[in-house]
Amino acid sequence: RDGLRGSPVTYLPARSTCFKYLAFLSNFLFSLLGLLSLATGLWALAVKEPVGSGRGCALPADPMLRLALGGLAVSVVSLAGCLGALCENTCLLRCFSAGLLAFLLLEATASALGPLQDGLDHALHMVITHYQDNPDLCFLLDQVQLGLQCCGAASYWDWQLNPYFNCSSARVQACSLPASCCIGPGEDGASINTQCGSRALRLGEAAAGRVVHLQGCGPRL
């Protein structure tokens, strides 16, 4: 309308328009990831029982609570950035910037104090100890070890914590490792050779390194 009345029409520079839609797209993707984390955490809190309940050594529920709260925070901040960029709303963009700054400060504090790594190692140790007790956690840990090509929390020796894989165990899995620890778990390119980690804990480190991954998942995570 201003253009028809003879007034100059102001357009966003091409660079600003590109940045606007890039910010919208990236925040939209992060908001989806945040909502997925929130849904996963709420589902786990609602339907899953703590690992090892009744044994006096249960896996605490707070990792799932943290996942849900983290997903909620990420989704809220990302939605603010998404809508702020799309609608060019200064208030929403300021909220997004404040949330992003808060995240950076929390990450810097966590890195300085180190509880994140300790909590992650503790959770991995608990999952390793109760590996056979919960099929969902068994599947999750296998996927982590296969995807990151790692074994255990700090190293493959962490599997000594498992009563089935411990070398002092009388079970058939004694001194062995799960197939997800193996360097090449596939058999004929399709099925998994479940015995590929058999007696791996009895081998020397050099010999074991040719069969299984030696590095733990904690540092890679």
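Modeller: A residue counts as buried under 20% relative accessible area, as exposed over 50%, and as partly exposed in between. Q149 has a relative accessibility of 47%, so Q149 counts as partly exposed. Keep in mind that this is a predicted model.

Q149 follows helix α5 and is found in the loop between α5 and β1, the strand at residues 186–187. The backbone angle phi of Q149 is positive, near 55°, and Q149 is not a glycine. Most residues other than glycine have a negative phi.

Helix α5 covers residues 135–148, which is 14 residues. How far apart should the ends of α5 be, at 1.5 Å a residue? The expected span is 1.5 Å times one less than the number of residues, and for α5 this gives 20 Å. The end C-alpha atoms of α5 are 20 Å apart in the model, so expectation and model agree.

The next point is which way the side chains of α5 face. Its buried residues are L137, L141, D142 and Q145. Viewed down the axis of α5, these buried residues fall within an arc of 135°, so they line one face of the helix. An α-helix has 3.6 residues a turn, so residues three or four places apart point the same way. On the other side of α5, the exposed residues are P135, F139 and G147.

The protein contains seven helices and two strands. In sequence order they follow the pattern α-α-α-α-α-β-β-α-α. Of its 221 residues, 30% count as buried.

E88 has a phi of about 55° although E88 is not a glycine. E88 lies in the loop between α2 and α3, the latter being residues 90–113. With a relative accessible area of 44%, which lies between the two cut-offs, E88 is partly exposed.

E88 also has a partner. K20 forms a salt bridge with E88, and their closest N and O atoms are 3.1 Å apart. The pair links distant parts of the chain, since K20 sits in helix α1, E88 sits in the loop between α2 and α3, and 68 residues separate them. The count of salt bridges in the model comes to one. How accessible is K20? K20 has a relative accessible area of 15%, so K20 is buried, whereas E88 is partly exposed.

L25 is found in helix α1, and at 46% relative accessibility L25 counts as partly exposed. The C-alpha atoms of L25 and A85 are separated by 9.4 Å, while the residues are 60 apart along the chain.

Helices α1 and α2 also meet the surface. L42, L45, M64, L65, L67, L69, L72 and V76 form a nonpolar surface patch with about 650 Å² of accessible area together. The elements that give two or more residues to this patch are α1, residues 14–47, and α2, residues 62–87. Of the elements, α2 gives the most, with six residues. L69 is one of the patch residues and lies in helix α2.

The last item comes from a record. An unreviewed UniProt entry places the feature "transmembrane region" at residues 21–45, 65–86 and 98–116. In the model, residues 21–45 are 100% helix and 0% strand, with end C-alpha atoms 36 Å apart. Residues 65–86 are likewise 100% helix and 0% strand, and their end C-alpha atoms lie 31 Å apart.

Note on methods: Residues numbered from 1 in each chain as written. Predicted model: local features only at pLDDT ≥ 70, side-chain atom pairs only at ≥ 80, totals over all residues. Heavy atoms only, no water. Patch = residues over 30% accessible without salt bridge, like charges linked within 9 Å, V, L, I, M, F, W, Y side chains within 5 Å. Areas by Shrake-Rupley, 256 points an atom, 1.4 Å probe, with all protein chains shown as cover. Salt bridge = Lys/Arg side-chain N within 4 Å of Asp/Glu carboxyl O. Helix = DSSP H or I, 4+ residues; strand = E, 2+ residues; numbered from the N terminus. UniProt positions renumbered as here; feature names shortened; annotations may be inferred. Buried < 20%, exposed > 50% of the residue type's maximum accessible area, 1.4 Å probe, protein only. Arc of directions from axis to C-beta.
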